[in-house]
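Q: Can you walk me through this one? I'd like to go piece by piece.

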Amino acid sequence: MYDLVNETGFNLEKSKEYILFIEIILDGFSFSVVSPSDNKLLAFKKKPLEPGDEKLVAKHFKEWIDSNDIFQNSFKTIRIILFQDKFTIVPDKFISEELKNTIPSLLFSPGYEGFKITENPIESSDSKLLFTIKQDLEVVLNKKFGEYKLV
């Protein structure tokens, strides 16, 4: 089910007190459970994949989360870390919907079909990190987790 890093500290019944981190990369997935009150890593598991087609990430990810009981629990916070090579930083003063619609064709083509632009603020520099996420992966994340922070 999951590999415990600290067998004595992990209590799945307290999952609403924990932060769940999920890492998604082309060659695999991992999750870790952290107790913010103790500042401890409680559980960790990695699922390696053969490097493959980016189009299959959502399918493999859905199979992985469906096969791990830990994802049936509610957590205080869920953070999804998505490693993506399609990104750019844009100063806040230049951000507009028109620019967000233009950036994919300028920076990410060819092969942008099926991707969506999303953004994270970078407060220290008054800018935003714009990056892509496969739309089918976003559907899986929304359906399974509802509220999460994508970084």
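Q: How does helix 3 run relative to strand 8?
A: This is a predicted model, so take what follows as computed. Helix 3 runs at about 95 degrees to strand 8. The helix lies across strand 7 and strand 8.

Q: How do strand 7 and strand 8 pair?
A: They pair in the antiparallel sense, over eight bridges. Take Ile 117 as an example. Its bridge partner in strand 8 is Thr 132.

Q: Which strands form the open sheet, and in what order?
A: There are three strands, in the order 6-8-7. The pairing is antiparallel.

Q: Which strands stand at the edges?
A: Strand 6 (87-91) and strand 7 (115-122) do. Each has a single partner strand, so one side of each is left without a neighbour in the sheet.

Q: What does the twist average?
A: The twist averages 30 degrees from one strand to the next.

Q: Is Glu 138 buried or exposed?
A: Buried. Glu 138 has a relative accessible area of 16%, and buried means under 20%. Lys 116 is partly exposed, with a relative accessible area of 34%.

Q: Why can side chains like these pair at all?
A: Side chains of opposite charge can pair when their charged atoms come close.

Q: How many salt bridges does a search of the whole structure find?
A: Four. Among them is the bridge between Lys 59 and Glu 63, where the closest N and O atoms are 3.1 Å apart. Another joins Asp 66 to Lys 62, with the closest N and O atoms 2.6 Å apart.

Q: Where do Asp 66 and Lys 62 lie?
A: Both lie in helix 1, four residues apart. That is about one turn of the helix. Lys 59 and Glu 63 are also four residues apart in helix 1, so about one helical turn separates them.

Q: How exposed are Lys 59 and Glu 63, then?
A: Lys 59 is partly exposed, at 48% relative accessibility. Glu 63 is partly exposed too, at 42%.

Q: And Asp 66 and Lys 62?
A: Asp 66 is partly exposed, with a relative accessible area of 44%. Lys 62 is partly exposed as well, at 39%.

Q: New topic: rings. How many aromatic pairs does a search of the whole structure find?
A: Eight. One of them joins Phe 31 and Trp 64. Their centres are 6.0 Å apart, with 45 degrees between the planes, and the pair is tilted.

Q: Where in the chain do Phe 31 and Trp 64 sit?
A: Phe 31 is in strand 3 (residues 28-35) and Trp 64 is in helix 1 (residues 57-66). They are 33 residues apart, so this pair links distant parts of the chain. Both residues are buried.

Q: Why is the pair of Phe 61 and Trp 64 called tilted?
A: The ring planes of Phe 61 and Trp 64 are at 45 degrees, so the pair is tilted. Under 30 degrees would count as stacked, and over 60 as edge-to-face. The ring centres of Phe 61 and Trp 64 are 6.0 Å apart. Both residues lie in helix 1, three residues apart.

Q: What relative accessibility do Phe 61 and Trp 64 have?
A: Phe 61 is at 0%, so it counts as buried. Trp 64 is at 5% and also counts as buried.

Q: Which residues do ring pairs link into a cluster?
A: Phe 29, Phe 31, Phe 61, Trp 64, Phe 71 and Phe 145.

Q: What about the largest nonpolar core? Which residues touch the most other members?
A: Ile 22, Ile 24, Phe 61 and Phe 145 do, out of 29 residues in that core.

Q: Which element gives the most to this core?
A: Helix 1, with five residues.

Q: What does Ile 24 touch?
A: Leaving out residues up to four places away in sequence, its contacts include Phe 29, Val 57, Phe 61, Leu 137 and Leu 141.

Terms used: Residues are numbered from 1 along each chain as its sequence is written. This is a predicted model: local features need pLDDT of at least 70, side-chain atom pairs count only at pLDDT 80 or more; totals for chains, interfaces and linings use all residues. Side-chain values use heavy atoms; hydrogens and water are left out. Rings of Phe, Tyr and Trp (its six-membered ring) pair if their centres lie within 6.5 Å; planes under 30 degrees apart count as stacked, over 60 as edge-to-face and the rest as tilted. Helices (H or I, at least four residues) and strands (E, at least two) are DSSP runs, numbered from the N terminus. Buried means under 20% relative accessible area, exposed over 50%, partly exposed in between (1.4 Å probe, protein chains only). A nonpolar core is a set of buried Ala, Val, Leu, Ile, Met, Phe, Trp, Tyr and Cys residues joined through side-chain atoms within 4.5 Å. Contact means heavy atoms within 4.5 Å. Two strands pair if DSSP finds at least two bridges between them. Axes are lines fitted to C-alpha atoms, for helices over the stretch in contact, and angles run from 0 to 180 degrees between N-to-C directions. A salt bridge is a side-chain nitrogen of Lys or Arg within 4 Å of a carboxyl oxygen of Asp or Glu.
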